[in-house]
Amino acid sequence: MKIHEKYINRCIELAENGLGNTYPNPMVGSVIVHQGKIIGEGWHHKAGEPHAEVNAIASVKDPSLLKKSTIYVSLEPCSHYGKTPPCSDLIIAKEIKKVVIATVDPFAEVSGRGIKKLLSAGCEVVVGILEKEAQDLNKRFFAFQQKKRPYVILKWAQSVDGFIAPENKKTREPVWITNKYSKQLVHKWRSEEQAILVGTNTAILDNPKLNTRLWKGKDPVRILIDQNLRTPLDSALFDDSIKTIVFCGLEAKPALNANLLHFEKIDFRENTAFQILEILYKHNLQSVIIEGGSKTLQTFIDADLWDEARIFKGKIQFKKGTPAPNLLGKLILDQHIKTDNLQIYTND
């Protein structure tokens, strides 16, 4: 089993190369082993392109060795036709007789069917090696398939005395609590997720762009909660550069000639967090970063609709201001980024 873990761990390492690029597909890695030696590796690079198993098989220099090899994969090989043919069919066609799988695919069209197809073809199949690690790799995909909502990441920065904003702010610019390294890390995170959400006060007071200008990568879909459509029309969120979804309580829409702007009406008397996530699920968004402010963050916390919280603590002191949200979770990371402290919690 330890040997299996070694190669599945390598599959997970390879799969991580696809972070932020495989949506709506999961990240998957695969290795092919012959007589204790890796002879092929691959991962899924981008939706619509070949899957990990296809890339791993294609990388083998001597295809005659495949019949005597074991293929390892971090997620159950697909069994259906999507944008690419089924990987389970390819494994069978190449006569690879042993398949080691980290975890079953939660997607209804695959779940267990790929394994069943391999078994029916006479393959030896081992399932459940580093299962938890493989599921954590695709936590967004698993949340989307099993909970029918995006994976929710809360993110905020707070002063050393526990405030996320000073009492008085004189300009429509953010007050930076963290250093430039933390700021760049946040932009990297944005490139890895599908959506980013703020509330009305943040939109009005900070005029955020919510893009990835400090990191090379895709901009997330921008989400704004604005019940009464109070955000000024000249705000950066309405620049029509990125798809933007506005959750409001009104039928009326501002006079904007924007192709990438979408409005979703919800009932603000009910559970707004649940309604928002339900609609984002319909938009096929597997993950969302909630960036605030405090009221918006607390709304998701109180509804128990969050999976992970990433909290920065800077050295600045406000003495008075907007208190940081209250959250209880399991601390999984505590590290320093120069002068800042980053703590990450999960909702376990």
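Visitor: Leaving aside neighbours within four places in sequence, what is P220 in contact with?

Guide: This is a predicted model, in which local features need pLDDT of at least 70 and side-chain atom pairs count only at pLDDT 80 or more, while totals for chains, interfaces and linings use all residues. Residues are numbered from 1 along each chain as its sequence is written, and side-chain values use heavy atoms, with hydrogens and water left out. Contact means heavy atoms within 4.5 Å, and by that rule P220 is in contact with R190, E193, Q194, A195, I196, L210, T212 and I242, its neighbours within four places in sequence being set aside.

Visitor: Why is P220 called buried?

Guide: Buried means under 20% relative accessible area, exposed over 50%, and partly exposed in between (1.4 Å probe, protein chains only). P220 has a relative accessible area of 1%, so P220 is buried.

Visitor: What makes S88 buried?

Guide: The relative accessible area of S88 is 0%, and therefore S88 counts as buried. S88 lies in helix α3, residues 87-93, where helices (H or I, at least four residues) and strands (E, at least two) are DSSP runs, numbered from the N terminus.

Visitor: Why is helix α6 described as largely enclosed by the rest of the structure?

Guide: Helix α6 covers residues 139-146, and seven of its eight residues are buried, so the helix is largely enclosed by the rest of the structure. The buried ones are K139, R140, F141, F142, A143, F144 and Q145, and they pack against α5 (131-137), β6 (151-158), α7 (180-192), α9 (272-282), β12 (287-290) and β13 (308-313).
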